[in-house]
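Please read the report below alongside the sequence and the coordinates.

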Amino acid sequence: MTNIVVLVKQVPDTYSERKLSGADNTLDRESADAVLDEINEKAVEEALKIKEAGEGEVTVVSVGPDRATDAIRKALSMGADKAIHVSDEALHGSDAIATAKVLAAAISKVEGFDLVITGNEASDGRGGAVPAIIAELLGLPQLTHVNELTVDGTSIKADRYTEDGVTHLEANLPAVVSVGEKINEPRYPSFKGIMAAKKKPVETLTVADLGVDAGEVGLGNAWSSVLEASPKPPRTAGERVEDEGDGGSKVAAYLVAQKLI
Ligand SMILES: Cc1cc2nc3c(=O)[nH]c(=O)nc-3n(C[C@H](O)[C@H](O)[C@H](O)COP(=O)(O)OP(=O)(O)OC[C@H]3O[C@@H](n4cnc5c(N)ncnc54)[C@H](O)[C@@H]3O)c2cc1C
């Protein structure tokens, strides 16, 4: 029996125009469609594969505003069994450390968990730090940026592919694993799965329910803040090089001027 926790985050759809709110430079969640982060669909898929290979239970944990329930329901409709949703006004603008503290407290609510699966980074914050902070807070080994995963009784094996080669990782459970984009192709929720998800239990908790002090979370307590942001300038027209037998040297001169070679 593998008792798996998957961390899922609702993020603005990367196809929408994403903006910061003028008031406090936090994410303007209302201006974009919100979706379950694609990398988290892969984290859920990996958990379901482990569950389906033997006995197991998959609990989804998310920290986010009320509408993050939609992302949670999607994970449940893919086949996860139950969920914990931490939703609290005090969390607005939390940094990666505060978010990880709350997530670690929520994970600890799942009795006897063996494995925590996360995405390697979220497509909005892109900190890529939450999995490592959680592993530190829970005192667990971390296997990050994983491309292949095998659970073998009480231990876990993982491979991470990089441009320089393959890293083989191994740890005893419980452990924290963050998955990379190439790990799998997530399933689509079936109609039956969508109907079943409506009845699956979702426990909604506040930070106080988790024993976390509201003074440790939120924008006012973040260790870093976004002071200023400006939109990316529109793309300018490229430079056209006419080849009159000297095209190669013109391109080389351009690259030298740009300090690219
Ligand atoms: C517009 C904007 C403004 C921000 N402003 C600030 C700021 O002023 N100061 C500051 O310190 N930080 C700021 N942040 C960072 C923000 O708070 C982080 O997004 C958040 O703390 C988590 O970090 P991450 O998204 O980079 O997660 P990552 O570490 O990239 O996420 C990796 C994985 O961890 C899990 N995970 C991460 N977050 C959650 C979650 N909430 N629920 C469930 N699972 C999760 C998921 O599995 C995810 O795939 C800002 C972010 C944005 C987008």
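## Basis

This is a predicted model, in which local features need pLDDT of at least 70 and side-chain atom pairs count only at pLDDT 80 or more, while totals for chains, interfaces and linings use all residues. Residues are numbered from 1 along each chain as its sequence is written, and side-chain values use heavy atoms, with hydrogens and water left out.

## Annotated domain

An unreviewed UniProt entry annotates residues 24–214 as "domain: Electron transfer flavoprotein alpha/beta-subunit N-terminal"; such annotations may be inferred rather than shown by experiment. In the model, this span is 29% helix and 29% strand, and its end C-alpha atoms lie 19 Å apart. Helices (H or I, at least four residues) and strands (E, at least two) are DSSP runs, numbered from the N terminus.

Three strands form an open sheet in the order 8-9-10, with antiparallel pairing; two strands pair if DSSP finds at least two bridges between them. Strand 8 (148–152) and strand 10 (165–172) are at the edges with a single partner strand each, so one side of each has no neighbour in the sheet. From one strand to the next, the twist averages 15°, taken between N-to-C directions of axes fitted to C-alpha atoms, on a scale from 0 to 180 degrees.

Five bridges join strand 8 to strand 9 (residues 155–162) in the antiparallel sense. V151 is placed opposite I156 of strand 9.

## Ligand site

The ligand is surrounded by 34 residues, the closest being K9, S94, D95, G127 and S224; a residue counts if one of its heavy atoms lies within 4 Å. By class, this shell has 15 nonpolar, 14 polar and five charged residues, with Gly counted among the polar ones. Helix 1 (38–53), strand 4 (56–63), helix 3 (96–108), strand 6 (115–119) and helix 4 (130–138) each contribute at least two residues to the shell.

Polar contacts are pairs of N or O atoms within 3.5 Å. Polar backbone atoms lie 2.5 Å from a ligand oxygen atom at G127, 2.7 Å at G128 and 3.0 Å at A96. The protein covers 90% of the 940 Å² of accessible area that the ligand has on its own, by the Shrake-Rupley method with a 1.4 Å probe.

## Backbone features

Most residues other than glycine have a negative phi, and most peptide bonds are trans. R126, in the loop between strand 6 and helix 4, has a positive phi of about 55°. L173 and P174 are joined by a cis peptide bond with omega of about 0°; P174 is in the loop between strand 10 and strand 11 (175–179).

How values were computed
A polar contact is a pair of N or O atoms within 3.5 Å; within protein, one must be able to donate a hydrogen and the other to accept it, and residues adjacent in sequence count only if both atoms are side-chain atoms.
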